[in-house]
Amino acid sequence: MNTTANPATHGTFLGEPAALAYLAFTEAWERFSYYGMTALLVLYMSKSLLLPGHVEHIRGFSAFRAGIEAVFGPLSTAALASQIYGLYTGFIYFTPVLGGWIADRWMGSRNAVVLGALLMSGGHIAMAFDASFLLAITLLIVGCGFLKGNISNQVGSLYPQDDGAARTRGYTIYSFGINVGAVAGPLLCGLLAQLYGWHAGFGLASILMLIGLFTYLAGYSTFKASVRTAPVAKSATPLTRNQWRVVIALIGVMALSMFHSIAYYQNTDTAIVWIDSSVNLNLLGFHIPAAWFNSIDPFVSMLAVPFLLGLWRWQAHRNREPDEVIKIGIGAWIACAANLILVFGCATMNPVPAIVPVLYDILLGVGFLYYWPTMLALVSREAPPRLKGTLMGTVFLSLFVSNFALGWLGTLFEKMTPLQFWALNAAIAATGGILIFVLSRPLARVFNAEAS
């Protein structure tokens, strides 16, 4: 039975299935709330929450801090804030593999997304109070586990299995929704925090997450029947040897992408602290909120979508379009170049003008499109059907490791000069680019063998 939504009934969105619009805008609202909150998180902890007079009010924080310092040693306030941020954003991307596994076997992806959105809404509300900080990050981590991988997997379900180009196009448009939220979240939440206090920014994030849930429910009738009903049967056919090889190859690509992720997501952690302390943020008498810089790279990603789609289409007509693995490698080299811009600024300018981190974020925005939507499209196309939700969650597991690593790297910032720190990040991205290009042909052979 053909379970695809009928375009005649539901119409289309930019030439794609109408359900893509609801999924993209749901993700836009969710990312609006997430990036709005994370743009404030490190500054909030280092400049307010973890200081005397506030830290004593956090329920359970003494035991929590003791546990962290038992592993990482004594930490200053700034280092503790960076480590907490790395653990939080890391676990945000660890739980989707569990959420995908649960959805594949018991809940179905639709119920998982709804539960995740409700939990995340509660987490954002709890973030508005010092006492419930640990409860807030717990709810956000668990909620994202149910929502993130499962909604991403639903995008792939809109397209035929063998239409890789359409699938990549769908995920690129879907990433546009991600970047709409990623642009608006830091701008509005950062402005509210500057004008009315930290908790006003966190409160807005909770409202936006609820809007995302309502958007998802409004598009329910346009989704495929497989999304609306049962999970994959437990009696599904066992994986073949070739399918296992594909699974291993996909995990390999995810592991290689972590070098890019470490270099990329540093812009929301240590880069914000560095910008706040070392960059001249005064512009015509206005002090630019440091959180606003987190809106630049997603804004560039939005603007670059039609240009990159046109470039890839032009390359495809000449049989020169890079495959997905090579595109991921190109993204790593772009992230390397972005960090080298910060190296140049630190080496030649004091104070560093705002244009330097602006150029850094512009390159990161282009690099994001080469690596993240391409990764989602590759996994959605190549993953065996019974493991699609689990493997889509595993994509986010790579971000768990990456964010854990960047949180640890952030603790080194106080022990290095900024020039040394950003040179280290450039070297990490370059390492990923080299490894991906070296291994791209063996990986392509595995994927092509399964397709044939």
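Tyrosine 159 counts as buried because its relative accessibility is 8%, where buried means under 20% relative accessible area, exposed means over 50%, and partly exposed is in between (1.4 Å probe, protein chains only). This is a predicted model, so local features need pLDDT of at least 70 and side-chain atom pairs count only at pLDDT 80 or more, while totals for chains, interfaces and linings use all residues. Residues are numbered from 1 along each chain as its sequence is written, and side-chain values use heavy atoms, with hydrogens and water left out.

Helices here are DSSP runs of H or I with at least four residues, strands are runs of E with at least two, and both are numbered from the N terminus. Leaving out neighbours within four places in sequence, tyrosine 159 is in contact with Glu16, Pro17, Leu20, Ala166, Arg167 and Gly170; contact means heavy atoms within 4.5 Å. Serine 380 sits 221 residues away along the chain, but its C-alpha atom is 9.9 Å from that of tyrosine 159.

Isoleucine 92 belongs to helix 4 (residues 77–92). With a relative accessible area of 0%, isoleucine 92 is buried. Not counting residues up to four places away in sequence, isoleucine 92 touches Tyr34, Leu140, Ile141 and Cys144.

If you skip residues up to four places away in sequence, serine 261 touches Tyr371, Leu399, Ser402 and Leu406.

**How helices pack**

Two packed helices are described by the angle between their axes and the distance between the axes. The axes are lines fitted to C-alpha atoms, for helices over the stretch in contact, and the angles run from 0 to 180 degrees between N-to-C directions.

| Helix pair | Angle | Axis distance |
|---|---|---|
| Helix 11 (residues 241–265) and helix 14 (residues 324–348) | about 20 degrees | 9 Å |
| Helix 6 (residues 109–126) and helix 9 (residues 198–218) | roughly 165 degrees | within 8 Å |
| Helix 5 (residues 95–107) and helix 16 (residues 388–410) | about 175 degrees | 7 Å |

Helix 11 and helix 14 pack at about 20 degrees, which makes helix 11 roughly parallel to helix 14. Angles under 35 degrees count as roughly parallel, over 145 as roughly antiparallel, 65 to 115 as roughly perpendicular and the rest as oblique. On the helix 11 side, the contact uses Val253, Ser257, His260 and Ala263, and on the helix 14 side Val325, Ile328, Gly331, Ala332, Ala335 and Asn339. By class, that contact has 6 nonpolar, 4 polar and no charged residues. Ala, Val, Leu, Ile, Met, Phe, Trp, Tyr, Cys and Pro count as nonpolar, Asp, Glu, Lys and Arg as charged, and the others, Gly among them, as polar.

Helix 6 and helix 9 are roughly antiparallel to each other. Residues of helix 6 in this contact include Val113, Ala117 and Met120, which meet a set in helix 9 that includes Phe202, Met209 and Leu213. The class count is 13 nonpolar, 4 polar and 1 charged. Helix 6 has 18 residues and reaches 26 Å from its first C-alpha to its last, close to the 26 Å expected at 1.5 Å a residue; the expected span is 1.5 Å times one less than the number of residues. Among the buried residues of helix 6 are Val113, Ala117 and Met120.

Helix 5 and helix 16 are roughly antiparallel as well. Helix 5 brings Pro96, Val97, Gly100, Trp101, Asp104 and Arg105 to the contact, and helix 16 brings Lys388, Gly389, Thr390, Gly393, Thr394, Phe396 and Leu397. These divide into 5 nonpolar, 5 polar and 3 charged.

**Some backbone details**

Which residues does a cis peptide bond join? They are asparagine 350 and proline 351, with omega about 0 degrees. Proline 351 is in the loop between helix 14 and strand 6 (352–353).

Asparagine 319 is not a glycine, yet its phi is positive, about 55 degrees. You can find asparagine 319 in the loop between helix 13 (296–317) and helix 14. Its relative accessible area is 74%, so asparagine 319 is exposed.
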